[in-house]
Amino acid sequence: MTTETPAIPVTIIGGYLGAGKTTLLNTLLRGDHGLRLAILVNDFGSINIDAALIAIHDGETISLTNGCVCCSMVDNLAITLLELLGREPPPDQIVIEASGVADPHRIVFYGAADPRLRLDGLIVVADAETLPLRLRDKYIGELVMRQLVAADLIIMSKVDLIDEDQLGGVRELVREIAPRAKVVEAIRGDLPADLLLGIGETRVAASSPFEVQHGHDPPATRQEHDDLFARWSFVSGRPFDRERLLTTVESLPPSVLRAKGLLYVAGDPAHSAVLQLVGRRWTLEVGSPWSGADRRTRLVVIGPSGSLDTAQLTEDFSFALADDLRS
């Protein structure tokens, strides 16, 4: 019996010129996330790749020693994606950097243009210092607004360049324009990879049925983020009631920035269900068959430290368990 290969998640990163998209890409390329990333860019020259990381520079492709690859889209994104899908082994995740003057919403359909691809999320980077001015500009204001409205997750960059009063005004402006989008503030793109990428759903480990975890990442790679982001995990061998689960996910609070996991759902004991949530976008799809009798939910939720109500999350997801097996 053959198992269908999971679709490759595609993350699109947009934002106006100078917002900080390239800084974010450099963070991912250097990150110790253990993924074979394929990052698609318009211009190699803007990516500051450490020479020690470059294994092969072959025309429109740069292969790195950490398994990542950086590809130039030239003028045809579709062809570049098809070439990536033909690689052996294929990338674990594809990240597309949209042009600063592009409407990223128009690129979204590429994330699902092939059954071997799955849209993971649309992330838009906004420069907190210049955003109010950009929005008032009669030439580019509408474009910048469309970028924000389309986003699942907005990263407000360069927040260290303005004072608290100015930052408060920008926060209010973003809330008015994109009230449904989740917003993260960042300095120099310094964000954990598992907040940006759809990873970790099969890597949750907990010693008890319900366990709350804060910053349990390798100290060498994530220690600097522990004070900023909290990670809550839910592990259980009891199945979810599907309708209750859908209601719980749909009503997650704004503090939940990302959720991902392999879930045990009543009604299909043979297969896992894959939950992916990025900002306001989420999916629950049939996953691979369970291995043997190990049917166990492994879920991770990420949000700002101090804002993530882990007790409420435990209560909500516990309530979503099937009636006859709930404690």
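Glu142 and Arg146 meet through their side chains in a salt bridge, 3.3 Å from N to O (a side-chain nitrogen of Lys or Arg within 4 Å of a carboxyl oxygen of Asp or Glu). The two residues are four apart in helix α4, so about one helical turn separates them. Helices (H or I, at least four residues) and strands (E, at least two) are DSSP runs, numbered from the N terminus. Glu142 is exposed, at 58% relative accessible area, while Arg146 is partly exposed, at 34%; buried means under 20%, exposed over 50%, and partly exposed in between (1.4 Å probe, protein chains only).

This is a predicted model, in which local features need pLDDT of at least 70 and side-chain atom pairs count only at pLDDT 80 or more, whereas totals for chains, interfaces and linings use all residues. Residues are numbered from 1 along each chain as its sequence is written, and side-chain values use heavy atoms, without hydrogens and water.

Arg146 also forms a salt bridge with Asp103, with the closest N and O atoms 3.1 Å apart. Asp103 sits in the loop between β6 (93–97) and β7 (117–127) and Arg146 in helix α4 (residues 141–150), so this pair ties together parts 43 residues apart in sequence. Asp103 is buried, at 15% relative accessible area.

Another salt bridge joins the side chains of Arg258 and Asp120, at 3.0 Å from N to O. Arg258 belongs to strand β12 (residues 258–263) and Asp120 to strand β7, distant parts of the chain 138 residues apart. Arg258 is buried at 0% relative accessibility, and Asp120 is buried at 3%. The structure holds 14 salt bridges.
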